[in-house]
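Reader: I would like a close look at one helix. Please set it in its surroundings too.

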Amino acid sequence: MPTIRIPTPLRSYVDGQSEVALQGSTVADAMESLMLQFPALRSQLTNSQGELRPFVNLFLRENNIRDMQGLATPLEENDQLLLIPSVAGG
Amino acid sequence: MLPDLSRDEILRYSRHLLIPEVGLEGQKKLLASSVLVIGTGGLGSPVALYLAAAGVGRIGLVDFDVVESSNLQRQVLHGTSGVGKLKVESARSRLLDLNPEIQVEIFNEPFTSANAMQIAKDYDVLVDGTDNFPTRYLTNDVCVLLGKPNVYGSIYRFDGQASVFYAKQGPCYRCLFPEPPPPGLVPSCAEGGVLGVLPGTIGTIQATEALKLLLGIGSTLVGRLLLYNALDMTFEFVKLKKNPNCKVCGPNPEVTELIDYDAFCGVPGRDHEEGSAGMEWDITAPELAARIRNGEKIRLIDVREPHERSISSLPGEELIPLGQLASRLHELNSAQEMVLFCKSGVRSSRALELLVSAGFKRVKNLKGGINAWAREVDPSLPIY
């Protein structure tokens with residue numbers, strides 16, 4: 001099944017895991033399954049309409065899903081999504 | 001015609017002169033070039049040191065902080081003798097000791113919409129070594145509006161990112177991050193910590209990219225984002241494209257001049273007291289100590305990470321890390337008075353917002369966190 005890599009700043013919302021297995025054949029389904037598993041993530045990643053916020057950058061095979069088919073981008077069995085956070089530290 | 005190198009300069013830069021990609025002409029270019037380094041902390045330290053050593057002729061430094069001893073674990077530009085001094089002063093003396101032939105210009109002020117264009121306009125390249133979202137968006141927009149490259153780096157714990165945002169050739173920072181995360185979601189290094197050597201790795205990558213841009217050699221990180229993890233020792237790259245809807249570098253920009261970046265990022269202005277949740281929600285350390293002494297029943301909820309308790313803790317506290325709070329609300333009783341605390345009050349302010357929005361009313365934030373308690377109530381506790 002597809003997986004998503006969780007960046008360090010968000011790991012406290014997923015019991016410290018660095019990678020989480022997902023269900024679903026599109027990015028939208030997979031993200032929904034992530035937020036069902038970890039409800040605390042939902043308010044962080046989505047706006048009041050339940051849409052993913054623009055700061056949530058998802059990459060698949062080196063490409064931003066925005067440059068593919070967005071949330072409708074199909075996921076294959078062994079795909080790994082990368083969630084790239086904005087980090088401000090310097 | 002660029003000026004010739006002196007005998008001393010030929011000797012100083014001989015290892016550059018030996019590389020065909022740099023050579024005498026490249027070294028002359030570097031000596032005639034200029035870089036503005038915004039922030040002289042973790043990232044700015046290696047950036048400024050290596051650019052000075054490489055003979056970048058004019059280096060500008062923007063920072064308004066003073067050197068603190070908690071900086072020295074990673075900010076290698078400063079030394080123990082510099083604690084308490086202005087960072088830009090401390091940095092300038094170190095850089096001029098390293099290379100007295102260059103010019104170091106210092107700006108002891110915050111980089112803001114009011115001064116940024118004026119400060120940045122005479123530099124070839126800007127390096128983003130800042131530690132907060134408003135200044136990162138400001139730096140990006142300044143670069144887009146002035147047509148200059150923004151050499152970007154950022155760090156957290158073991159993770160680093162680097163890229164070159166250069167709207168003339170590729171995407172800008174806003175193409176990747178159209179808007180900032182909600183305040184408090186991504187902790188700062190002051191709250192979450194950072195491996196001291198991490199900014200060394202990312203900062204030297206930024207310095208490398210700045211030198212390549214000045215020399216016009218190699219393939220830069222334009223259009224690529226480097227993701228580095230020190231714990232796994234992995235370097236990964238993802239492709240970045242220009243966002244056609246980008247509000248600052250897209251074909252129909254909404255942002256054509258600098259804006260209020262604190263408001264854009266939803267963070268309080270610089271005069272806001274950090275570690276405060278607002279007057280009506282704060283309790284000071286001496287106030288809390290007095291109420292506990294009076295025998296009042298107050299639950300003390302520690303929202304830090306478990307390992308921080310071995311540094312300092314309060315008697316009778318209960319640990320619920322901020323990341324778990326939303327899913328552990330059932331452990332709290334809204335009828336009972338609670339005080340939330342963390343290291344310095346930032347995370348507990350966030351926790352307080354979460355509880356208040358869930359309907360809790362009898363809840364307060366320990367202003368300034370356990371560090372304030374250590375300063376004002378129990379000096380036997382360490383400050384970290």
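What is the mean pLDDT of chain A? And which residues of helix H14 of chain B are buried?

Author: This is a predicted model, where local features need pLDDT of at least 70, side-chain atom pairs count only at pLDDT 80 or more, and totals for chains, interfaces and linings use all residues. Residues are numbered from 1 along each chain as its sequence is written, while chains are lettered from A and ligands numbered from 1 in the order in which they are written.

Confidence comes first. The mean pLDDT (the predictor's confidence in each residue, from 0 to 100) of chain A is 91. In chain A, 100% of residues reach 70 or more. Confidence there is lowest in helix H2 (39–45), at a mean of 84, and highest in strand E4 (63–64), at 96. Helices (H or I, at least four residues) and strands (E, at least two) are DSSP runs, numbered from the N terminus.

Now the helix. H14(B) covers residues 346–357. Its 12 residues should span 16 Å, and its end C-alpha atoms are 17 Å apart, which agrees. The expected span is 1.5 Å times one less than the number of residues.

Nine of the 12 residues are buried, so H14(B) is largely enclosed by the rest of the structure. A residue is buried if 20 or more other C-beta atoms, placed from the backbone, lie within 10 Å of its own, exposed if 12 or fewer, and partly exposed in between. The buried residues of H14(B) are Val346(B), Arg347(B), Ser348(B), Ser349(B), Arg350(B), Ala351(B), Leu352(B), Leu354(B) and Leu355(B). The cover over them includes H9, H13, strand E12 (338–341), strand E13 (363–366) and helix H15 (369–376) of chain B. Just after the helix, Gly359(B) takes a positive phi of about 100°.

Two of those covering elements, H9(B) and H13(B), also give two or more residues to the side of chain B that touches chain A. The contact (C-beta atoms, placed from the backbone, within 7 Å) takes 41 residues from chain B and 24 from chain A. The chain B side divides into 22 nonpolar, 12 polar and seven charged residues. Ala, Val, Leu, Ile, Met, Phe, Trp, Tyr, Cys and Pro count as nonpolar, Asp, Glu, Lys and Arg as charged, and the others, Gly among them, as polar.

Chain A has positive phi values too. Asp15(A), not a glycine, has about 55°. Asp15(A) is partly exposed, with 13 C-beta neighbours inside 10 Å. Glu62(A), also not a glycine, has about 70°. Glu62(A) is exposed, with 12 other C-beta atoms within 10 Å.

Notes
Contact = placed C-beta atoms within 7 Å.
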